[in-house]
Amino acid sequence: MPVATGRDAMRYLTLNGKRWLLKEVPRLNADGECDSPMTRGKAIRIASRLRGERRLDVLIHEMMHACNWTIDEEHIAQTAADIARVLWRLGYRHPVLDGKDHGR
Ligand SMILES: [Zn+2]
């Protein structure tokens, strides 16, 4: 299956029984954003410039917000960074974005 990249890349993520549209956004002020689980047409937005371990970190971070909207930011930031670091060391890579010419 081809891997979607670029501004048209869209897919849905089901987290704790609710569905977010994952959007890769070219111009996003933050690295990532997550709409509240109560939002209609909710989305998780990731800055499309992100690569490597940082991209993994932001994806995990925003999914953690989606899964439990009440966890405090500091705990999410620390946990997501730790999980991303472990996964990165175990060799998890995006097949296109973290190719030889990308990542960190
Ligand atoms: Zn956060």
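**Close-up 1. Contacts of Asp57 in the predicted model.** Setting aside neighbours within four places in sequence, Asp57 is in contact with Ala80, Ala81 and Ala84. Asp57 itself lies in helix α1. Its relative accessible area is 12%, so Asp57 counts as buried, the limit being under 20%.

**Close-up 2. Helix α1, residues 52–67.** The helix has 16 residues. From first C-alpha to last, α1 reaches 23 Å. That is close to the 22 Å expected at 1.5 Å a residue. Helix α1 is mostly covered, with 13 of its 16 residues buried.

**Close-up 3. The histidine pair of α1, His61 and His65.** These two residues are four apart in the helix, so about one helical turn separates them. An α-helix has 3.6 residues a turn, and residues three or four places apart therefore point the same way. His61 is buried, at 11% relative accessibility. His65 is buried too, at 13%.

**Close-up 4. The zinc ion and its donors.** His61 and His65 each coordinate the zinc ion through NE2. Glu73 supplies two OE donors. Distances run from 2.0 to 2.6 Å. Along the sequence, the donor residues follow the spacing H-x3-H-x7-E.

**Close-up 5. Geometry at the zinc ion.** Angles among the four donor atoms range from 55 to 138 degrees. A tetrahedral site would need all angles between 85 and 135 degrees. The ideal angle for four tetrahedral donors is 109.5 degrees. The site of the zinc ion is classed as irregular.

Definitions and conventions. Residues numbered from 1 in each chain as written. Predicted model: local features only at pLDDT ≥ 70, side-chain atom pairs only at ≥ 80, totals over all residues. Heavy atoms only, no water. Buried < 20%, exposed > 50% of the residue type's maximum accessible area, 1.4 Å probe, protein only. Contact = heavy atoms within 4.5 Å. Donors = N, O, S within 2.8 Å, 3.2 Å for Na, K, Ca; no water. Tetrahedral: all angles 85-135°; square planar, octahedral: opposite > 155°, others 65-115°. Expected span 1.5 Å × (residues − 1).
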